[in-house]
Each structure stands twice: as structure tokens, then as C-alpha cells.
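Here's a quick, friendly tour for anyone meeting this structure for the first time. Have a look at the picture, then read on.

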Amino acid sequence: MRLARQHKNKFDFLSIGIYLALICFGWINIYAATIGSQDGSIFDLSQPYGKQLLFMGLSVVLGAIIFAIDAKFYERFASIVYLIAIVLLLGLFVFGKEINGATSWYAIGSFTFQPSELVKVAVSLALAKYLSDMQTSISRPLDQLNSILLVLLPTVLILLQNDAGSALVFLSFFFVIYREGLPNSHLYILVYLVILTLVAIKLGVLIALGFSALFFLIQPLIPKGKYKFKLWSFLAILGSGIVAVIARYFYDNILQPHQRDRLNLWLGFEEDPEKLADLRRTILYNLNESQKAISSGGFSGKGFLQGTRTIGNFVPEQHTDYIFSTVGEEWGFIGSSLVVILFVTLMLRIIYLANLQKNPFSRIYGMGVVAVLFTHFAINIGMVIGLFPTVGIPLPFFSYGGSSLWGFTILLFIFLKLDSNRLNEW
Amino acid sequence: MIRKYLLGGLVVGIGLIFIGKLFMLQIYTEQYDIENDNAVRKEFIYPKRGYIFDRNNTLLVANEASYDVMVIPREVKAMDTLEFCKVLAIELEKFKSSLEKANRYSPRLPSVFVAQLAKKEYAMLAEKMHKFNGFYIQKRDVRDYKTDYAANILGFIAEVNNNTMASDSYYNLGDLIGKQGVEKSYEDLLRGQKGVRYVQKDRFNRIIGSVKNGAYDTIPIPGKDLTLTIDIELQAYGEQLMTKKRGGIVALDPQSGEILALVSAPSYNPQLLVGRERSTNYNLLNSDTINRPLFDRGLLQMFPPGSPFKTLTGVLGLQEGVVNPTQIYTCNGSYIYGRNNRRMICHCGGGKRNLISAIAKSCNSYFADVYRRSIEKYPSASKGMDVWSNHLKSFGLGNFLGYDLPIGKRGLIPDGGYYDRRYPDFRWGATTTLSNAIGQGEILSTPIQMANWTAAIANKGFFFKPHLLKPNDNYEIDEDYVKPINTSIEPQYFEPIIEGMSEVFTSGTASFLNVPGIDICGKTGTAENYTKINGKRVQLTDHSIFMAFAPKEDPKIAIAVFVENGYYGARWAGRISSLMIEKYLKGEVTLKAMEALVLSKSLEEEYQKPYSGKPFLINQ
């Protein structure tokens, strides 16, 4: 039996407004990036801008459907959605279509569909469901492990499909687990492991081991009460060694050469000047062109359809991953910082709303939404303006592509639906 | 607390970092500069280059469309190559190598395949062009000369060189620029202002449209048409008279300084330096070091002026008050001077001379005496020489005249310092430099300087800077050219000189050169000259020199003629001068016999002498 609802569904119009602003402005830039110098109807379905318009229409329909479904549905069916997502990912090994080296697409006619975009929704739901479960206590190591595995399973599947960029996004769920009470020490261990990995890549396994040994040897010098020196230190050094070997193996044998190059370039590990020059011409070509396009926009930009570098098609993949460079060139500092501010506002708004939730499921799901959006936002724009290495993931609501637009729409609208139901919770 | 705000803090932090980076990229680092945008190509639209007319509005230089066959190698498809080669009159081998070359430059960008087609070739090709994919015809303007003469005045245009491009940002690779003649001096008027069009490129360098619908573009401003002061008929006549002779003719309008004709011989047809054969022809002309057709003798040939200079010696003597026109001097056939009784031979025939008859008969002794007194009037020879030199310089001698062509020579007028440096241990005096009196010695002048001082005498004491540009509706001329320049000689002192020059034609050295109905004043000159053959100094046949102006009252033309190795002054230079004066003042020539004689006379044989390797006679 359910109590009569006292509150009508009240959707957060600020978030919906920002969402609409982003997809519309996004479309304007996709149009500019792909229209080139031809004339054409904006509804031309053979062109990206025409398709995107269709995707946007369907997104609105999707949003309406999500709003129409009962809020409780999402919590109740989270596990099933997760299972379906995993099945879809597994199906790729059989039916997947390879695009740009990654087998992460289903092809249906001329349209393609990338399930990893939906998996983000599924993992957010499942993680929220698991962590909000009364029987789960994040302070228990087993539950920690379970929640991490929940995230790692799809991550590994996506990684195996050679889509490292999308896999990287799943690391963002650690924000959520941490937010829900993962001990600080885990965070420190994570930072330590990252440093260890970098040392192993840069200087070799032995030096990494020496480094970790030194680290653990000086530990007892710091007065810290009862410290079981011998056993724990031994295990830690052994563990570090294993991690270092795995990291090195992963770096040497699993990473594709171009991924290795990108990583080296970003970390400043590449020392051979010839190779460096070569990398600048190849890997940095996109970045170089996108930076030029952005900086040529100046304060107020060159104006809609007036971006010379955009029209000249100088930035590869400009309507997808590099869409932000169009904003920079045609709308200048005003336009590009407005986009940044819209994203920041949207995410802060969701964090604010999430923290208002009485239902832990809604709260955790909200944090998941922000974590995913944030990772995409930070990596994509960071890449386009030259702060992060090249990782091919789209800018939410902005980049061309149906799967990603629908994925983010579903992700956001489920939260908005949950939020609208906030006052009806009991 | 950290847990709750970590994600929010990161969102805000990354947002701020992004805005900061965007600020650095878009505002701090650089402002957009369309010139540096490699997505934009700057194309130039060339304006029509100004036409050139003579003083009677006869068109001398116009433009003509020339057609280049362009190729974009990767658009070339299978076609009837043989037919194409036949139309263009090129070999199949040449076709292949040109295409290869263009492909190496760029498969995507147009290159010139065959430059400057003849009109006939163009007409044939234009019909068939659609058959040849990847080729097209591009029109560009080249000069079209409507005259076969005046090449030295008109000059030519050619592609701009690197130095010019470096010093003047207006010019870009492949632009045409005036290299010589009025094309060079009035480049700014003639060229106009080219327009700029910015076109959008894609990353394959293909052109895909205009930038901002042409908001940055500028429209070309056409070049201005020039009117020159020369009379092309007179110029052409002068060049014909100089056939097979070397030398220069300069004719001025003394009342304005306008150059009526500026002949240099041998010359060339200006049409030679246009079109496909331009560089071949230029190299041929440039490498002819014997005839030197590119050397403008009217402006650049320095020579001792000889007897015409006596007019100046005379007028300077009058100004300095060392002689008066009626004073009688007796010539003994030579002028004896100095401690060792050195003598200067005189060919005047001897007898009593005053200033007027001394000029008429070209008496060396008379002017040696005047010169000596002019210098010795002053306490030191150096001082006297300075005064004398300054008077001459006021006639535009010894320095660039300031006319509007890009080349020139100073000539030489020595002053006191010149001889002090030359004879540091020696007390030199007027007699040391006595040859100056009769225009020999150290003095050097160019034909245009001679014409200019003739004009100054005709005007009785002033002249206008010689120039080639006549004002028209499009522009004004430099005010330097309309301001009279006064010599340091008072007007009345010119009267006896003019009288003497008039008598040259009645009783003097040029009495057989009279033109019926025109009072000419002139002066003959004969200048000794030497060359070196195998290191030995060898005398060649004298240069024939003549200066004249006419009519005596209200002079309309002042002329200087210089004929290399033409022997005595009246012989060729004098005849040419009279013919030119008649041609200009009457518009036609009545002295048909004289004309025929000059036109048919070749001095080639004379010019061959020093190169013949055999001994030869001079002054025959």
C-alpha cells in the first residue's frame, strides 16, 4: 500500500534548462563543424547535423518516457538493468562491429549503437542499489570488494573490446564509493599504486621495488604506536612488487603502441628527440589544430559559421570528440567559458540535489551521475584544450552521436525523476 | 567533510582551470590575425597597370591579355595527349616533364604549364579546352607596346626580386614591378593598388569559398595613365637618324624642362622584353658588351664636352668681369703659356677675335685667355677654381640633374680642392688646368647635362629640371619640375654668347647646317678620345658633338647630340641636330639630302677598327 502522494511531481527546471541549452548549443556547433561550405537542409539525414536533430527529438521522447515511469521502478529494476547491460557487452564479442579499432558497436542498418554508453547508466543504478542496501556496509572489506567488482566487471569487458577511453570513465565510480565511506587509507593506497605504476613504467620494476622498499623501511621512523613492522612491511613490499610487474607488463604488452605514445607524451617520458618530433606531428596534430582553432577565436569568436579553421575542416573529428574547438573558434572566450560554466552549474546543481535526497539510492545515484558527467567533461575539454592526453570520449550533450546523447539523457533524466519524487519518499 | 565536498570541489576546480586555460589561449596568448591563419589564403586581384601616352596623346604602352595554360596535376585524366601537344606546339617529352614538374610542386595546386600563349594558340586551344581535364587557361595582363621606339625611356616590367620584396611589403612573389625607365620611376602611379581577397581553404589546401563573405577583402585601385613629355615622332626620328651609329640625343623644351626626345643608340624594340621570349632576349641584350643596347648613352655616357663648353667659359668670364664682349684678342694660331712655352693649338684660322667671333670660329686661344684670367683674378688658383666651379655647378653640371629616370651620372667639374689633392707638392695654376677652358682636361659631362646648359643659355640664365612626366587629370608633377632654377650668371651676359652661337650658323663652323626659316643657335664640338688595345693607349676617331637651340627668339627646343667616333662636330652631330630641330619645329623635314645622308651613314666600320687587330687610321 502506498500513501497518497501529497506532492505533485516537481521537476528541477534549472537542470532541464541547462540540459536543453547544452544540446541546442551543441547542435549549432555540430552544424557549423559539418556543414562546410555546402548548402543543405538541416533535416538532411545523410548529414551528421540532420541525424543529430533526429537524435535530439528522440532524446526528448526518451526523457518524457523516463518521467512517465514510476520512480520506484529504477531502484527495483536496477539489478536487471545491470544484467542486461552486461549481456549487451558480452554480445559485442559475437555481434560487435569494429569502428576505429574498438569492437564496441552494434550496427543496425546505417545506424550504430554503442552499449557502453548505456552501461554507465546501469552501473550507476546498480552501484546505488548495492550501496544503499541496508545489508551493505562499506566499512566491511567484502562489501568494498563487491562494490569495486561491480564496477570492474563492465570495465574489463570494455577494455577487452579495445575501448580504453570508455573504460577509463568507469574509474569515476570510485568517487561514488569513496563518497559512501570507503576508508581514506584506500585512497592513499590508490595514490601510492599510481605513483608506483608510473615509477615502474618510467624507471623499471627494480627501481620501483627499491622505491617501495625505501618507503616502507622509513615508515617505522614515524612514531605510530603499535606498528606490526615485520609482517605487514614484508607483505606490502611483496604486493608492491607484484603490482609493479603487472603494471610494467600491462604497459609493455597490453597497451597499443599509440596509447603508449600518448601516455609517454603526456607524462613527459619520451626523451628521443626524433621520436618526439614525430609524435608531435602525428598524435599532437589534432591537439595542435584544436588549440589553434580555439585561440584564433579570441574574446568574442569569429561568429557562427565564420570559423575559418572549422570551415576548412582542419580539426579532425571536430563534430564528435573535438566539438569544443568549434565553440572556441566561433564563439570565442565568451562562448567557451559559458559552456564550462553551464556544465559546472549543472553538476553542482545535481550534487546539491543529491545531498537533499532522503533516499540513499537517489543520493548515491545522483553522485554517480555527477561522477560520470565530470569525468567526461574533464577529460574531453581537457584533451581539446591541451591539458590531458588524447582520450577519445565525447563531451556530454554536445558531441555528435546518438548513443552518447541518449546515454547521458537517460542518466540525467532518471536522476531528475528520482529527485522529483523526493518529497514523496517515506 | 572531505568526502562530501570532494566531487563538488573538483568540479569547481576543474571548471576554473579550464576557464583559466581558455583565457590563456584566447585572450592572453594571441589575437586572431587573418594573415597568419593557414586556413585562409590571401589572393591578390591585380589592377590594370596605367597606360603611357606621349605629349600628343599618342598611346605608347597599353596592356594585353596573355594566357597561361595552368594544370592541376591530380585532376588530369586520360586524354588525347598528342592533340594537346600539337595545339600547344610542344613535344610529348616536354609535356611529360612539365606535368612531372607540376606534380612535384603540388598535385592539388595549380601550376603554370605553358606560359604566355600567343593569341592564335589561345584561340585554337580555347575551343578544345573542355576535352582536357585538369587544364585551364588563366588570363593575365602583360605590356603591349604600341611603338618600336623609346625603349630606354619606357623601360620594362619584370617579376619582383627578393630584395625588393624584403624592403617593400607591398610586393609578393610573382608580382610585376617596373625595373627600368618610367616603369620604374613612376611605378607607384602606374601600378595602382592591388586588391586582396581572402579565400577559405580546407586542410588539403583546396579553396572552398570566401571568408566572411568578403568582409576583409579590398577592391583593387587601377593604375593611373601617364602622359610623357616626349614627342614620339621626334623620338622615333632621332632613333632612325642614329641607326648604325652609337651615341645619344637629348632634346628639351627650355621653357619647361620637358624632355622631348631622349635617344640612345643602339637601342632595342621594347616589345622584345615581353612574353615568352623575355628572358632570352634580355640576356642577349645584356650580354652584348660591345654595342651595349641597354646602356642609355643620353644619360650615362660621360665625355669631355669639347668646344660647346666654350660658351660657358665665355659667359663665366663675362660674369667675373675679366672680359667684355667687344674686347679684341688676336689669335696667332696657338696659345703659348707656361715657363716652357707650352702651346695650345688653335684651328680657328687666326686673326682678331671678339667674344662673338671666337664662339663662331671656336677659337681655342681666346677662351684659354678668358679662362686664365677668370682663375687668376683671385689671389690663389684654388680659390679661383672654386668660384669657377661653383658657377658651372649652378648649370647642373658635376652632379645628378634630378630628372625622373632611375639612372644617371654626375659628370665631373673639378674645383680647387680637386687639384690640391691631385698636385699636393706643386703650385698649380690656371695654366696647369688650361684644357678646361675648351671643355677638355678633367671636365666630363653627359648629353643630358649638355642639353640642360644649352637650355639655360637659351633662357638667359635659368633652367627647369629636365623631366619626362607631363601633368594630366590623374596626377600632378613634382613641384621641383615647375620651379625655375637660376644659374649664378646674370641674364645680360648671355646675349653675346647667343649672338656667337647664332653666328656659328651664319659664318661659323656650322654654316652648312642652316634650316630654312629657323634661326638656330648652336656650337660644334669635337672631342679626342682614347682606348686601350693590348695595354697600349690608342687614339680613336674623335667624337662628334653638337649643342643647339632654336628659334633664337623664344626658344622651343634645346638639343645636345653626341655621336661616338663621328669625327668633327658638324659632321654628324650637327646634321642630326638640324634635322631634329626642323622635324620638331616644322613637323616635317625639308632637308631631304641631308636626311638621306645621315640615314644611310653607318659608323659600324669605325667601331670595328679597335677590334680588327690591325693598325687603322682615324679621323678620315
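Let's start in chain A with helix H17 (residues 402-420), whose 19 residues reach 26 Å from the first C-alpha to the last, close to the 27 Å expected at 1.5 Å a residue. H17(A) is mostly covered, with 17 of its 19 residues buried. Keep in mind that this is a predicted model.

Next comes the place where the chains meet. Chain A puts 37 residues into the contact, and chain B puts in 31 residues. On the side of chain A that touches chain B, several helices give two or more residues, among them H8 (173-179), H13 (273-296) and H16 (360-384). H15(A) gives the most, with 10 residues. Here's how the residues on that side of chain A divide up:

| Kind of residue | Side of chain A that touches chain B |
|---|---|
| Nonpolar | 20 residues |
| Polar | 15 residues |

Over to chain B, which has 21 helices and 22 strands. Of its 620 residues, 42% count as buried. Among the contacts in chain B with a separation of 6 or more, 72% come from residues 24 or more positions apart.

Gly134(B) counts as partly exposed because it has 17 C-beta neighbours inside 10 Å. Leaving aside neighbours within four places in sequence, its contacts include Val71(B), Pro73(B) and Lys77(B). Pro110(B) is 24 residues from Gly134(B) in sequence, and their C-alpha atoms are 9.0 Å apart in space.

Definitions and conventions. Residues numbered from 1 in each chain as written. Chains lettered and ligands numbered in written order. Predicted model: local features only at pLDDT ≥ 70, side-chain atom pairs only at ≥ 80, totals over all residues. Helix = DSSP H or I, 4+ residues; strand = E, 2+ residues; numbered from the N terminus. Buried ≥ 20, exposed ≤ 12 C-beta atoms within 10 Å, placed from the backbone. Contact = placed C-beta atoms within 7 Å. Expected span 1.5 Å × (residues − 1). Nonpolar A, V, L, I, M, F, W, Y, C, P; charged D, E, K, R; others polar.
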